[in-house]
Amino acid sequence: MASSPVLTTRVLLVCAAIGVATGILGGIAGWLTLPVLAGPAFLYGLVLGSHVLPGIIAQEVLRRPLVALVTHVIAALISSAFNPAWSLRFIGTALLFGAIQEGIAALTRYRAWGAWRFFLSAGVIGVVVAIVVFFAAHLAVLPPWAQITYLVISVLGPIVWTAVGLAVGAALSRAGVARR
């Protein structure tokens with residue numbers, strides 16, 4: 001007997017719906033990037049942290065392999081429609097965040113779906129974001145208090161957005177999105 005595919009039509013449609021909704025939010029985050037970096041740059045971790053939502057919501061609702069990565073890519077394509085100049089950044093962020101979320105899930109063989117696993121991936125993403133953006137945006141020129149604030153917010157931003165994503169995912173599950 002043939003095994004069923006991991007990404008059925010139903011799963012892909014749910015990924016697409018989540019990707020479109022979170023892609024719109026990602027497009028708004030893209031618009032906010034330059035004003036935040038030009039002004040209170042230490043808040044950028046909150047803006048970039050919003051990009052964890054596609055994978056968190058998809059994994060919370062579907063609890064299957066590859067859904068985080070697929071949903072992130074769809075969200076990146078939608079975000080790119082809002083700000084085409086940032087298309088490669090959106091896609092790169094989607095691939096990086098989706099790979100981290102899938103990697104953490106794969107370490108547990110896609111069997112552990114407790115909140116701790118989602119927050120672990122958020123922490124890893126937060127540390128990666130903090131380090132990469134610190135150097136890429138030349139935040140070393142900021143006063144020490146702003147550098148420390150940036151690092152803390154960059155690590156906590158994805159964690160806060162993960163809590164939001166888990167709440168949205170749980171609400172979608174209660175609404176019957178994940179029913180088979």
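How many helices and strands are there in the protein chain? In this predicted model, the count comes to seven helices and zero strands, so the pattern along the sequence reads simply α-α-α-α-α-α-α.

Overall dimensions come next. The C-alpha atoms sit in a box of roughly 65 × 35 × 25 Å along the principal axes. The radius of gyration is 16 Å, which agrees with the value near 16 Å for a compact globule because that is what the rule gives for 180 residues. Of those 180 residues, 44% are buried. Among contacts with a separation of 6 or more, 75% link residues 24 or more positions apart.

The UniProt record, an unreviewed entry, puts "transmembrane region" features at residues 12–32, 38–58, 65–82, 88–107, 119–142 and 148–172. Two of these spans can be checked against the model. Residues 88–107 are 100% helix and 0% strand, with the end C-alpha atoms 28 Å apart. Residues 148–172 are likewise 100% helix and 0% strand, and here the end C-alpha atoms lie 36 Å apart.

Helices H1 (9–38), H4 (67–82) and H5 (87–107) each give two or more residues to its lining, and H4 supplies the largest share, with four residues. The lining includes Thr22, Gly26, Ser50, His51, His72, Ser79, Phe90 and Thr93. By class, the lining has five nonpolar and seven polar residues, but no charged ones.

Key
Residues are numbered from 1 along each chain as its sequence is written. This is a predicted model: local features need pLDDT of at least 70, side-chain atom pairs count only at pLDDT 80 or more; totals for chains, interfaces and linings use all residues. Side-chain values use heavy atoms; hydrogens and water are left out. On a 1 Å grid over the protein atoms alone, a cavity is a set of points where a 1.4 Å probe fits but cannot get out, and a pocket is an open set with protein on both sides within 12 Å along at least five of seven lines; lining residues have an atom within 4 Å of a point. Ala, Val, Leu, Ile, Met, Phe, Trp, Tyr, Cys and Pro count as nonpolar, Asp, Glu, Lys and Arg as charged, and the others, Gly among them, as polar. UniProt positions are given in the numbering used here, feature names are shortened, and annotations may be inferred rather than shown by experiment. The radius of gyration is taken over C-alpha atoms; the globule rule is 2.2 Å times the number of residues to the power 0.38. Buried means under 20% relative accessible area, exposed over 50%, partly exposed in between (1.4 Å probe, protein chains only). Contact means heavy atoms within 4.5 Å.
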